[in-house]
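Here are a few friendly notes to read alongside the model.

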Amino acid sequence: MRSCSHQTLETRMRPILMKGHERPLTFLRYNRDGDLLFSCAKDHTPTLWLAHNGERLGTYRGHNGAVWCCDVSRDSSRLVTGSADQTAKLWDVKSGKQLFTFNFGSSARSVDFAVGDHLAVITTDNFMDRMAAIHVKRIAEDPEDQVSDSVLVLQCPDGKKRINRAVWGPLNQTIVSAGEDTVIRIWDTETGKLLNETNEEVGHKKAITSLCKAADDSHFLTGSHDKTAKLWDMRTLTLIKTYTTGVPVNAVAMSPLLNHVVLGGGQDASAVTTTDHRAGKFEAKFYDKILQEEIGGVKGHFGPINALAFNPDGKSFSSGGEDGYVRLHHFDSDYFNIKI
């Protein structure tokens with residue numbers, strides 16, 4: 001089997017470096033059209049960029065804690081963000097105006113709009129006497145009508161373990177959650193009943209850090225501190241593939257165009273005794289989705305990669321690191337002809 005060398009994939013990328021955050025990146029999200037990129041970081045201010053050239057369009061000011069995640073509505077009019085300041089906020093994308101604040105007694109870790117944008121799922125951490133939970137909120141058409149009540153609240157068996165991601169399943173009928181207790185769970189959104197969960201045999205062995213869905217909602221990818229990423233069937237929770245890498249995985253993404261998955265992570269900066277970034281293996285690694293083979297890597301970050309996202313057109317991807325940079329990579333035509 002011929003594998004393309006790291007160098008060849010590297011030369012196909014022309015990164016645009018975007019410096020808009022003072023602190024480490026936590027999350028990246030493209031809008032549905034792929035012309036806008038939203039970035040979250042530990043510096044309190046989600047930022048909006050033009051996806052083709054990395055021009056900064058503006059910031060969303062109002063949080064006073066690290067912002068862990070965001071999602072944007074299908075028509076790109078609303079943004080929802082979750083923060084360590086114990087709130088999730090709804091924003092008007094264009095004006096940057098705050099439309100509503102959901103107050104929780106603990107950090108809002110993960111947010112995801114349902115198809116149709118009338119519901120959002122928000123996960124909250126355990127804190128003091130509050131257990132980690134999954135909240136479903138109704139999102140009003142008119143911000144004037146918005147209320148903070150939850151339509152549904154789900155508690156995981158071990159409420160002390162953080163739920164790092166919760167996303168909607170096909171047709172909003174289920175919610176898929178994963179986090180520190182290493183178990184992936186599928187919940188019924190009508191009844192709140194637990195429908196399915198992974199077992200120790202096939203599941204991750206350490207905390208699940210990241211989760212991303214395929215464009216058609218048929219399968220999803222999880223990344224874990226156990227140095228693997230796993231591909232799962234969205235309806236049956238059957239394990240499809242496992243991708244093994246040498247470092248803890250903090251972020252995962254899937255190409256909407258090719259059978260490629262990309263993993264990012266690296267040893268925690270504090271665990272790397274040398275300043276040489278190669279020692280920490282801070283690169284985005286590409287794998288063949290079907291063959292599970294590594295096909296190349298993209299270096300550049302001076303610290304672990306915490307966030308990855310593919311443009312919905314599949315022609316570019318972005319990475320966000322502990323170093324505070326967003327790196328935007330446009331693929332050269334050669335990339336689309338990689339043979340394994």
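1. Contact here means heavy atoms within 4.5 Å. This is a predicted model, in which local features need pLDDT of at least 70 and side-chain atom pairs count only at pLDDT 80 or more, while totals for chains, interfaces and linings use all residues. Residues are numbered from 1 along each chain as its sequence is written, and side-chain values use heavy atoms, with hydrogens and water left out.

2. On confidence: pLDDT is the predictor's confidence in each residue, from 0 to 100. The protein chain has a mean pLDDT of 92, and 92% of its residues reach 70 or more. Residues 1-8 have a pLDDT below 50, and this stretch has 15 contacts in the model beyond near neighbours in sequence. Where pLDDT is low, the predicted coordinates should not be read in detail.

3. Now the interior. A nonpolar core is a set of buried Ala, Val, Leu, Ile, Met, Phe, Trp, Tyr and Cys residues joined through side-chain atoms within 4.5 Å; buried means under 20% relative accessible area, exposed over 50%, and partly exposed in between (1.4 Å probe, protein chains only). The largest such core has 28 residues, and those with the most contacts inside it include F38, Y60 and L79. Strands (E, at least two residues) and helices (H or I, at least four) are DSSP runs, numbered from the N terminus. Among the elements giving two or more residues to this core are strand 3 (36-41), strand 7 (78-83) and strand 11 (119-124). Strand 6 gives the most, with five residues.

4. Which residues does Y60 contact, leaving aside neighbours within four places in sequence? Its partners include F38, L48, L79, W91 and V93, and also H44, T45 and D92.

5. Strand 12 is worth a look. Five of the six residues of strand 12 (residues 133-138) are buried, so this strand is largely enclosed by the rest of the structure. Two strands pair if DSSP finds at least two bridges between them. Strand 11 runs antiparallel to strand 12 and is joined to it by six bridges, with R138 as the bridge partner of L119. Strand 12 is also antiparallel to strand 13 (residues 150-155), through five bridges; here K137 is partnered with S150.

6. R109 is found in strand 10 and counts as buried at 12% relative accessibility. A polar contact is a pair of N or O atoms within 3.5 Å; within protein, one must be able to donate a hydrogen and the other to accept it, and residues adjacent in sequence count only if both atoms are side-chain atoms. The R109 side chain makes one with the side chain of D125, at 2.6 Å. S107, in the loop between strand 9 and strand 10, is buried at 10%, and its side chain is joined to that of W68 by a polar contact of 2.9 Å. Beyond four places in sequence, W68, T123 and D125 are among the residues touched by R109, and W68, T123 and D125 are also among the contacts of S107.

7. D216 is exposed, with a relative accessible area of 55%. Its side chain makes a polar contact with the side chain of S218 (2.8 Å).
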